[in-house]
Amino acid sequence: MTQPAPNRQTAFNHLRALAERPGGQKMTRLFAADPNRATRFTAAFGDLTLDFSKSAIDDTVLDALFALADVAGLGKFRQRLFAGEPVNETEHRAAMHMALRAPADSGLKAIMPRGTENAAAMAGAERDKMQAFVEAVHSGKIKGATGQTFTDVLTIGIGGSDLGPKVATEALTIGRTDVKMTAHFLSNVDGHAFADIRKGLDPARTLVLVASKTFTTLETSMNAAAARAWIVAALGEAAVASHFAALSTNLKAVAAFGVNPDRVFAFQDWVGGRYSLWSPVGMVIPLAAGWDRFQQMLDGAWAMDCHFRDTPLRQNLPVLLGLVGIWNINALGCATQCILAYDDRLRRLPAHLQQLEMESNGKHVTLAGAPTGWDTCPILFGEPGTNAQHSFMQLVHQGTRPVPVDFILAANADHDRPDAHRALAANAFAQAEALMRGKSEAEIRAEMAKAGASQAEIDAVAPHRVAAGQRPSNTILFNRLDAFSVGRLIALYEHKVAVQGCVWGIDSFDQWGVELGKQLASGILPELQPGSEKGRHDSSTTALIQRFLTLRGEA
Ligand code: F6P
């Protein structure tokens, strides 16, 4: 049963067969049988540990997972990724976001149809430009149109041009007293969002960043136009040059918007939107948290890059995290993945990982264009712990379908309430233990009897209190949530996504599904003008358009 499988489908079948071994995967039994289980199923990189022992995994399963990785060519894929080969095959692009955090002289390159680029050198040059800009804003050398220094930064972007910068900015600034500027994020085209943000903002002291890889995204264009009108109304047309900066790969479109060329920060299309927080798209992070912290975050991500690139697969954290996920999804049939960061500063992490994982690996065909024949990305969701415990964790403990959980926790906090941090940690560890062990009906009956419950009460209530246990989780524990560990953590998940995409044989770096929604929306937009000609749609869409206009009195 442990022989390497000859092809991917056989390897997946083999995994499923292992999951069906009678009783072989009972976690409580695996722990009882092996006092060293926690050590043997924990991997470390510096102070960062990944404990995956609370999964229905034994040595046979691990061998089968590595056999699958072997069949999928994971080692070769990793080499191709770091060599800058066009692993994003449907867009003929490298996926070279690692160059954004690598030293400029690291030699990382991107092999593109237009030629091979020295990606690390290009990224390094732009990083120097960013640093000069950020420091000039902080020192007051760069000011607003009225001569006042900037106190606030409004960053306009959506998806990857919003979520990554947001989670990182929050992680690096919440609770700190040395924050350099107040960051505001505008993503939704819903006008209520900007109406709310601008209420508390002084245009004279606000620097506006327009972050868009393509600079063609409808929501960002409309919000950027609204912010421009707001600045012009308050400070005059000439103020636009001082108050706007653009972060994009599309320099032509940026020029057409009228951003001062000195305020344009570029990156290349070998960086995917959901991997762009490390690029100029992440400009808000150093503006709010300071340059040094941003650099430390890049250093943390680069450390994880080197770990992923150089560490043997069996000790490699992104590889293990990815393969444990493959086991849960493809062998046990889990359709979801819960992310519980026990740190309020990471409250936006689930949102970022949703895009990172679901946009990357929510695919149904292989690189060859054929149906995969196996499941791919699960549905991610999450909330900060302990809040989650008081909302959806009921289902995770007792629902009908197992939901794998990643618990994320720093051992040391940055506030002055050690008791609160111990309570936080106790909750994280208790949840993971309870999910694994559960509570049997016999235990519950004994407990209720001891508490003096009547037999009738015990018979009626005991079944409702049973928690079957056997619910998998990983625990990611590290020393402290600082800029370095934030970078390392996000890069860990980026590479986990790459590992899983390789195993599933899909293109993790395109996003054609989202493009479809974008196209259709721009087709319907003109039809929502009163009196406009209507296109051909299904009867539901036609009726909804009509009803929308009627409710607005514009039919
Ligand atoms: O809608 C999908 C998407 O293309 C994401 O991949 C991207 O992060 C987001 O839109 C925003 O795109 P842009 O940065 O080009 O405005």
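Guide: A polar contact here is a pair of N or O atoms within 3.5 Å. Keep that cut-off in mind for the site. The model is a predicted one.

Start with Q355. A polar atom of its side chain lies 3.2 Å from an oxygen atom of the ligand, so the pair falls within the 3.5 Å limit. E359 also uses its side chain: an N or O atom there is 2.6 Å from a ligand oxygen. K213 uses its backbone instead, with an N or O atom 2.8 Å from an oxygen atom of the ligand. Taken alone, the ligand exposes 390 Å². The protein buries 91% of that area.

Now the wider shell. There are 14 residues around the ligand. Those that come nearest are S161, S212, T214, T217 and E359. By class, the shell holds nine polar residues, three charged and two nonpolar. As for location, the ligand sits in the largest pocket. Two elements each give two or more residues to the shell: helix 15, spanning 349–361, and helix 21, spanning 512–524.

Next, the backbone. F215 has a positive phi, near 55°, and is not a glycine. F215 belongs to the loop between strand 7 (206–211) and helix 9 (218–235). Another loop holds T386; that loop runs between strand 11 (379–384) and helix 16 (393–398). The peptide bond joining G385 and T386 is cis, with omega about 5°.

Last, the rings. A pair of aromatic rings is described by the distance of the centres and the angle of the planes. The count comes to eleven aromatic pairs. One of them joins F244 and F257. Their centres are 5.9 Å apart, and the planes make an angle of 55°. That pair is tilted. F244 lies in strand 8 (residues 244–248) and F257 in helix 11 (residues 251–257), so the pair ties together parts that are 13 residues apart in sequence.

Technical notes. Residues are numbered from 1 along each chain as its sequence is written. This is a predicted model: local features need pLDDT of at least 70, side-chain atom pairs count only at pLDDT 80 or more; totals for chains, interfaces and linings use all residues. Side-chain values use heavy atoms; hydrogens and water are left out. A residue is near a molecule or strand if one of its heavy atoms lies within 4 Å of it. A polar contact is a pair of N or O atoms within 3.5 Å; within protein, one must be able to donate a hydrogen and the other to accept it, and residues adjacent in sequence count only if both atoms are side-chain atoms. Accessible areas come from the Shrake-Rupley method with a 1.4 Å probe; for residues, only the protein chains shown count as cover. On a 1 Å grid over the protein atoms alone, a cavity is a set of points where a 1.4 Å probe fits but cannot get out, and a pocket is an open set with protein on both sides within 12 Å along at least five of seven lines; lining residues have an atom within 4 Å of a point. A molecule sits in a cavity or pocket if more than half of its atoms lie within 2 Å of its grid points. Helices (H or I, at least four residues) and strands (E, at least two) are DSSP runs, numbered from the N terminus. Ala, Val, Leu, Ile, Met, Phe, Trp, Tyr, Cys and Pro count as nonpolar, Asp, Glu, Lys and Arg as charged, and the others, Gly among them, as polar. Rings of Phe, Tyr and Trp (its six-membered ring) pair if their centres lie within 6.5 Å; planes under 30 degrees apart count as stacked, over 60 as edge-to-face and the rest as tilted.
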